[in-house]
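The text below walks through the pockets of one protein model and the residues that line them.

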Amino acid sequence: MAKFLAIGNAVLDTIFTVEQHPKEDQEIRAISRENRVGGNVNNMLYVLNQLGHEAAICSTSATDTESKQLITGMQERGIDCTHIQKFIQGSTPNSIVTLNAHNGSRTIVHYRDLPEVSFDFFAKIEIEEYDWIHFEGRNVDNLQGMLNISKTFLDNQPISMEVEKPRENIESLFHQANLIIFSHHYAGAKGFNNGEELLNDIAKLAPNSQLVCTWGAKGVWYKALNAKVEHLPALPVNPVVDTLGAGDTFNAGLLSKLSEGASLSEACEFANHLAAQKIQKMGLDDILNAKPENQPIANIKQLSKAKATVIDLNNRGGVILIKQDEEVRAYENNCPHQNVPLNEAYKIDVNPFDQTMKCSVHDAFFKIDDGECVEGPCWGEHLTPVSIRMDDQGDIYLV
Ligand code: FRU
């Protein structure tokens with residue numbers, strides 16, 4: 001297992017899951033909100049850590065209250081935060097992400113006013129301690145010097161760089177990296193239609209670097225040293241739940257396999273699988289394990305208008321499902337009166353005429369339509385709705 005040091009930005013992400021991305025001048029309501037620590041190298045290191053490697057970040061932080069949250073979050077992800085340069089000016093970088101509940105696509109609005117890692121700060125790190133150094137392709141002025149000292153002091157350790165967006169003069173750094181990973185945003189902005197065109201062009205600038213270009217649903221192109229460009233199609237995934245951090249997961253898979261001595265083609269194959277696995281679940285936790293979002297929790301044929309069906313989800317509580325017209329309503333199985341399951345004392349009685357269902361504990365009646373308590377001890381309060389989606393076969397999934 002290897003010891004990775006990655007240099008880049010750490011970010012606090014606020015993720016709103018939405019039915020669809022908002023249009024300009026529109027106001028919409030999110031289905032759910034989640035705060036996560038993010039940023040490309042931070043996400044990548046978290047996955048590397050889950051793959052059994054040691055992970056350290058070199059980044060900057062502000063001194064506002066959010067910065068504590070960010071650093072604690074990274075430490076909880078098992079990331080060594082020794083090399084964080086603190087700044088009094090500026091605030092914790094933040095991304096507002098909208099995540100489409102139906103196809104997992106994400107849009108990101110990013111704000112930062114925090115300086116990036118300085119050359120002097122980086123130069124004090126004992127980089128020889130690490131087996132692999134990875135850079136986010138940004139902060140071009142300082143990166144030049146960081147790459148220079150990395151090249152000078154490291155004999156065997158690979159140096160990789162991710163190039164997500166075009167930046168002035170970034171091309172002047174390419175020859176310094178052993179591995180460069182491009183995103184399709186960079187390729188598209190440079191006028192290339194696919195990864196093959198891009199990598200053939202880049203090979204002229206960086207003939208001694210291994211090259212990779214990821215292109216979402218179009219798959220991955222890669223070029224090993226002295227080899228021609230190869231293509232791997234993306235793996236079919238249904239449903240796509242969350243694409244935020246999919247590229248970072250791919251990078252983790254790639255670096256992990258290469259550090260174990262795999263060929264570039266084996267490493268891309270593994271990374272492609274890992275990224276496909278990631279997009280089937282929310283977030284980056286427990287990425288190597290089961291994908292609960294991908295299992296249906298029920299089928300509409302099991303449900304009725306006259307009966308509330310309770311689905312127990314192990315450690316995730318229970319969900320009440322009930323048909324109304326041809327739709328399915330879903331609520332947490334938790335009565336707001338005393339926070340107990342509605343079926344704690346007896347089954348949940350349904351009145352199909354009033355369109356209500358009754359908590360068995362203290363007889364609170366809830367409207368099936370919107371979960372409002374219309375009679376009983378928690379009058380005016382609501383059951384908490386649960387986001388679900390149904391596919392063409394009537395299989396019902398948590399969103
Ligand atoms: C995902 C991500 C987010 C972050 C944004 C920064 O790849 O790293 O976690 O907010 O991109 O550009």
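How many nonpolar, polar and charged residues does the lining of the largest pocket have? It has 17 nonpolar, 17 polar and 9 charged residues, where Ala, Val, Leu, Ile, Met, Phe, Trp, Tyr, Cys and Pro count as nonpolar, Asp, Glu, Lys and Arg as charged, and the others, Gly among them, as polar. The model is predicted: local features need pLDDT of at least 70, side-chain atom pairs count only at pLDDT 80 or more, and totals for chains, interfaces and linings use all residues. Residues are numbered from 1 along each chain as its sequence is written, and side-chain values use heavy atoms, without hydrogens and water.

A pocket here is an open set of points on a 1 Å grid over the protein atoms alone, where a 1.4 Å probe fits, with protein on both sides within 12 Å along at least five of seven lines; lining residues have an atom within 4 Å of a point. The largest pocket holds about 1,200 Å³ of space, a volume being the space filled by probe spheres set on the points, which are joined across faces, edges and corners. Of its 43 lining residues, R106, E164, H185, T243 and G247 are the closest to the centre. The largest share of this lining, 5 residues, comes from α7; helices (H or I, at least four residues) and strands (E, at least two) are DSSP runs, numbered from the N terminus.

The second largest pocket contains about 930 Å³ of space. Its lining has 30 residues, with I31, P385, V386, S387 and I388 nearest the centre. Strands β3 (32-38), β17 (327-332) and β22 (388-390) each give two or more residues to this lining, and β17 supplies the largest share, 5 residues.
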